[in-house]
Amino acid sequence: MNNSLSIKTKLSAIIFGAVLLILALNLTFNLYAAQNNLRNENVNNMQITAMQMAVSVEQSNYSSNYVEYQIAHNLRMAAIFASKELGPDYKNITNAQLKALTSKLGVSNISILVKTDNDIVVTRASNPIDIGMSTQGWGYWYLALLELFDNQEVTVGQGQALDHFWSGPFEYSTYNPDFIEKWGYYHDEASNYIINPVILNTAASEYVKITNPDQIVERTKEVNPGILELTGFNPTTFGVASMAGDGSDAFKKKLGNRPIKFGTYTYGNVEQDKAAILLA
């Protein structure tokens, strides 16, 4: 009888233990499945958000390029008008003439660039601070100016190339970083200089702020509280020498050269993140 009770007790214990094990395994499986589903859902949401950001940024770039193209046309017309008034020889041009033309044409500054043996230099300007400025270290801008002087169509991929004219991309103002400048360069075959009108455009500045991807990031975070941050890296300039520790461009150069296109970067793992970006 005792043996029978002992066997029943042991059997009950075994069955109870087996049931507990099955329940524990089932609970563990369900938790794992729930976590896995949640992880997959988060990954899918991030992928969808990334695609939405890519489309939004692409649309923003398209709109920005259209605005730049229209401003470039206006700069070219201003430069053509100025060249007719100034004549073919830069030696006969005065800074006072250029100063008067800025008001007449509705531009911020006008400079005259002349080619030397190994450089292209500002020799006349409505703003005297620009006189003597070298362009040799301007990268593709300098190449564009050389092509203009050679009466060639500008072939650099950035900016807008028109007949006898090239305009660089939007860039931060050297005088006021809150504003955006648009520079144009025109060379008449009959003249011995490039005329360079500049627009310090507050309207363009406001437009860039409105269409900036950072605004899209903030709206995305508002409707997706689970997203803590979205960061867009520029693979060509992220990690370069001019990049500050927070991912900004230490020299406030061209807008298109910003290491961080949108969002923030506060982690400081530049080399590790740069390697990951190059592999992406």
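The model is predicted. The chain has 280 residues, and buried residues make up 38% of them. Six helices and nine strands are found in the chain.

**Whole chain**

- The chain has an accessible surface of about 16,600 Å².
- Carbon and sulfur atoms account for 58% of that surface.
- Take the contacts between residues at least 6 apart in sequence: 55% of these join residues at least 24 apart.

**Helix α3**

- Helix α3 spans residues 140–149.
- This helix is mostly covered, with eight of its 10 residues buried.
- An α-helix has 3.6 residues a turn, so residues three or four places apart point the same way.
- Asn151 follows α3 and has a positive phi, near 60°.

**Aromatic rings**

- The structure holds nine aromatic pairs.
- One of them joins Trp138 and Trp141, whose ring centres are 6.2 Å apart.
- The planes of these two rings stand at 85°, so the pair counts as edge-to-face, for which the angle must be over 60 degrees.
- Trp138 has 25% relative accessibility, so this residue counts as partly exposed.
- Trp141 has 3% relative accessibility and therefore counts as buried, the cut-off being under 20%.
- Ring pairs also build a cluster that links Trp138, Tyr140, Trp141, Trp166, Trp183 and Tyr185.

**Ser191 and its loop**

- Ser191 sits in the loop between β6 and β7.
- Strand β6 covers residues 180–186, and strand β7 covers residues 194–201.
- The relative accessible area of Ser191 is 11%, so this serine is buried.
- A polar atom of the Ser191 side chain lies 2.9 Å from the backbone oxygen of Asp188.
- The backbone oxygen of Tyr193 lies 3.2 Å from a polar atom of the Ser191 side chain.

Conventions
Residues are numbered from 1 along each chain as its sequence is written. This is a predicted model: local features need pLDDT of at least 70, side-chain atom pairs count only at pLDDT 80 or more; totals for chains, interfaces and linings use all residues. Side-chain values use heavy atoms; hydrogens and water are left out. Rings of Phe, Tyr and Trp (its six-membered ring) pair if their centres lie within 6.5 Å; planes under 30 degrees apart count as stacked, over 60 as edge-to-face and the rest as tilted. Buried means under 20% relative accessible area, exposed over 50%, partly exposed in between (1.4 Å probe, protein chains only). Helices (H or I, at least four residues) and strands (E, at least two) are DSSP runs, numbered from the N terminus. Contact means heavy atoms within 4.5 Å. Accessible areas come from the Shrake-Rupley method with a 1.4 Å probe; for residues, only the protein chains shown count as cover. A polar contact is a pair of N or O atoms within 3.5 Å; within protein, one must be able to donate a hydrogen and the other to accept it, and residues adjacent in sequence count only if both atoms are side-chain atoms.
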